[in-house]
Amino acid sequence: IVYALDQTSAREMLGRSLKDLLGESFSAGQNGIQISDIIESKIKAGQFSIIFVAPIRSGEGQFLGMAAFETDMAPIYELIQNTTGLGKTGETLIAKKDGNQALFLNPLRHDAEAALKRRIDFAKGEGTAMQQALKGRNGSGLAVDYRGQKVIAAWRYVPSLDWGMVAKIDIAEAFESVTTLRNFVLVLAIAVLVLSIFIAFIVARSISDPIQALQHGANEIGKGNLDHKVATEAKDEIGQLGQTFNMMAERL
């Protein structure tokens, strides 16, 4: 006998009381299947279980007792803790409401000892996504997790168990590719800007230098220095204007 129905001195020998495990659901368990909260094994440290309870009745329908089936939470935890697609920081967690706090029911990626031990205080603004889930709401968006980190999260309420479930990932990791792309575009834009300024400077010099040479040549010719040649080898209109200045000086 592992579990006892009544809270008597014999319970210490028989095992844990189903009334303690089921709480308010104990009476309802006499009429249908009930599910307990997650409990920690007193036999094996770090092992957690959940108990399904169903009534046992005689052929005449008289209540005789309860059948309690205890199942290991390890396979369920393995499913919950599967981080495929959640990167290096993402995880899924479940919790139940305990007063003005949320009690975690599974080991966490960042805290392997969290099950039935770690809590978040609603008054401190911790675990905002889990708070929404335990209020019976479903949704997704930006939130703050139990570590105080900003995350992108999706949350659901599990009414049959009165649990909250949250899947989340740190914003820094979720937006890493976007941030990398943004930085690449920013660097590319700066490079294009610098290159454009350099090309504009070269083009401006190619135009201004011959003009300055023409201005200097015109000043020299105006001073009477008819032997001065306008030094320009440009093939464009400015070069033609320089050649015209040289021809004018020769004719004078």
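**Close-up views of a predicted model**

The structure holds two aromatic pairs. This is a predicted model, and the legends below describe selected regions of it.

**View 1. Phe-48 and Tyr-77 form an edge-to-face aromatic pair.** The ring centres of Phe-48 and Tyr-77 are 6.0 Å apart and the ring planes meet at 70°, so the pair is classed as edge-to-face. Phe-48 belongs to strand β5, whereas Tyr-77 belongs to helix α4 (residues 74-80), so the contact ties together parts that are 29 residues apart in sequence. Phe-48 has a relative accessible area of 9% and is buried. Tyr-77 is likewise buried, with a relative accessible area of 6%.

**View 2. Phe-104 and Tyr-146 form an aromatic pair.** This pair is also edge-to-face, with 5.4 Å from centre to centre and 70° between the planes. Phe-104 is located in strand β8 (residues 101-104), while Tyr-146 is located in the loop between β10 (139-144) and β11 (150-158); the pair therefore ties together parts that are 42 residues apart in sequence. Both Phe-104 and Tyr-146 are buried.

**View 3. Phe-104 is also a member of the largest nonpolar core.** This core has 18 residues, and those that touch the most other members are Leu-93, Ala-102, Phe-104, Ile-120, Met-130 and Val-166. At least two residues of the core are supplied by each of β7 (91-98), β8, α5 (128-134) and β11. Helix α5 gives the largest share, with four residues. In soluble globular proteins, nonpolar side chains tend to be buried together.

**View 4. Strands β5 and β6 form a hairpin.** Nine bridges link β5 to β6 (residues 63-72), and the two strands pair in the antiparallel sense. One of the residues involved is Ile-51, whose bridge partner in β6 is Glu-70. Five residues lie between the two strands, and in the turn Gly-61 has a positive phi of about 90°.

View 5. Val-203 is placed in helix α7, which spans residues 176-222. With a relative accessible area of 43%, Val-203 is partly exposed, because this value falls between the limits of 20% for buried and 50% for exposed residues.

**View 6. Lys-229 lies in the loop between α7 and α8 (237-251).** Lys-229 is partly exposed, with a relative accessible area of 41%. The C-alpha atom of Lys-229 is separated by 9.6 Å from that of Leu-214, and the two residues are 15 residues apart along the chain.

How values were computed
Residues are numbered from 1 along each chain as its sequence is written. This is a predicted model: local features need pLDDT of at least 70, side-chain atom pairs count only at pLDDT 80 or more; totals for chains, interfaces and linings use all residues. Side-chain values use heavy atoms; hydrogens and water are left out. Two strands pair if DSSP finds at least two bridges between them. Buried means under 20% relative accessible area, exposed over 50%, partly exposed in between (1.4 Å probe, protein chains only). Rings of Phe, Tyr and Trp (its six-membered ring) pair if their centres lie within 6.5 Å; planes under 30 degrees apart count as stacked, over 60 as edge-to-face and the rest as tilted. A nonpolar core is a set of buried Ala, Val, Leu, Ile, Met, Phe, Trp, Tyr and Cys residues joined through side-chain atoms within 4.5 Å.
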